[in-house]
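Keep the model in view while reading.

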Amino acid sequence: MKGLTVSLVTISLILSVLIGLSLYRGGLTGAPSDKKAGAKDGAEKGKPHIGLSMDTLKEARWMRDRDIFVAKVKELGGEVEVLSAGSDDMTQIRNVTSLITNKVDVMVIVPHDGAAMGKGVDEAHKAGIPVIAYDRMITNCDLDLYMSFDNVKVGEAQAKYLVDHLATPGKGRIVRIYGAPTDNNAKLFKEGQDNVLKPYIDKGDIKVVHENWATDWKPDKAKDIMNAAITNNGKEIDGVLASNDGTAGGAIQALKESGMAGKVLVTGQDAELSACQRIVEGSQAMTIYKPLERMASRAAETAMAMAQGKPILAKSSVPNGKKDVPSVLIETTSVDKNNMVDTVIQDKFHVFEEVYRNIPEGERPRKP
Ligand code: BGC
């Protein structure tokens, strides 16, 4: 009975998502008199024109997301206009306005500030352009689709790894470095981490000795947070729950300068090459591998389908404060030195020789 209820709920969700998106496109591309300014006529359209508005290209992952997305859209016969905002809200709103002026058919946005970008979605809609939030949610607006990873699960996996791998599993003094307070994902990672840590903190087994948010996910800011933690606690720190590889790198730099690197467990996320190297060398314990190839190509396929007015299938939905946004969430994997070869290397995310560059040949694992 429960199974039946779940299936019925799933079927009705899929139908409502399908119908919702078809109606939305239908509404926009219906009778010419219904059309909003800026929307293009099917007949006038040449190649589908997709706008990609990015927060930043700073972390290595975002260049990869962009390159995969652009290549896939091209392969499918479309073209992409990419604008990056250098972590600035005003610039990103200007970029969105310029993509609207250039009459993109679909807008894909990685928002710097998920709350501030609601305005961008409203503006795009006025011009008849549907919007996909890529990786980061855009809150309190009538967003069309959200494509990301299960970010609460990412936070849970980071905290679970930390708890299980402390020198005394389940016990210790930890530092927490959260991401950018403007990024909805940073809040979701924290929520997942909180889910796992709460019972340990309540029992007094885990003590958070220092915590702070790293503005714009800056490694330098993470380094400052770690230095403050070291100043207050000396060497009495067992683990650092850093929310991504960039902030892990900043924290590890501070630990290195205090002679503590390799002695304190540090988490991360993104499977950046530098983080994978730190993992096999021993100064970082783990990262989260997000299969960007799958996500960026799927987003490109979806954007192209939307541009051609096809209905979109989304199995789940995530609330954004205004509505339950049809969502596509992709699974991630925890990676440490034990499964590095079977995950990121096997998947050709990184090359074996680069990850193990600083490990003497005799000490490297077998190449796949
Ligand atoms: C992404 C992370 C990334 C961080 C900093 C987050 O929204 O989910 O993968 O490390 O932004 O760019």
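Is aspartate 205 buried, exposed or partly exposed? At 22% relative accessibility, aspartate 205 counts as partly exposed. Here buried means under 20% relative accessible area, exposed over 50%, and partly exposed in between (1.4 Å probe, protein chains only).

This is a predicted model: local features need pLDDT of at least 70, side-chain atom pairs count only at pLDDT 80 or more, and totals for chains, interfaces and linings use all residues. Residues are numbered from 1 along each chain as its sequence is written, and side-chain values use heavy atoms, with hydrogens and water left out.

Aspartate 205 has a partner. Lysine 203 forms a salt bridge with it, the closest N and O atoms being 3.7 Å apart. Lysine 203 is exposed, at 60% relative accessibility. A salt bridge here is a side-chain nitrogen of Lys or Arg within 4 Å of a carboxyl oxygen of Asp or Glu. The whole structure holds 17 salt bridges.

Now turn to arginine 61. Its side chain meets that of aspartate 135 in a salt bridge (3.1 Å, N to O). The pair links distant parts of the chain, 74 residues apart. Arginine 61 sits in helix H2 (residues 60-75), and aspartate 135 in the loop between strand S4 (131-134) and strand S5 (145-149). Helices (H or I, at least four residues) and strands (E, at least two) are DSSP runs, numbered from the N terminus. Arginine 61 is buried at 5%; aspartate 135 is buried at 1%.

Aspartate 183 and arginine 136 also form a salt bridge (3.0 Å, N to O). Aspartate 183 is buried at 3%, and arginine 136 at 4%. Shared partners join Asp55, Arg136 and Asp183 into one salt-bridge network.
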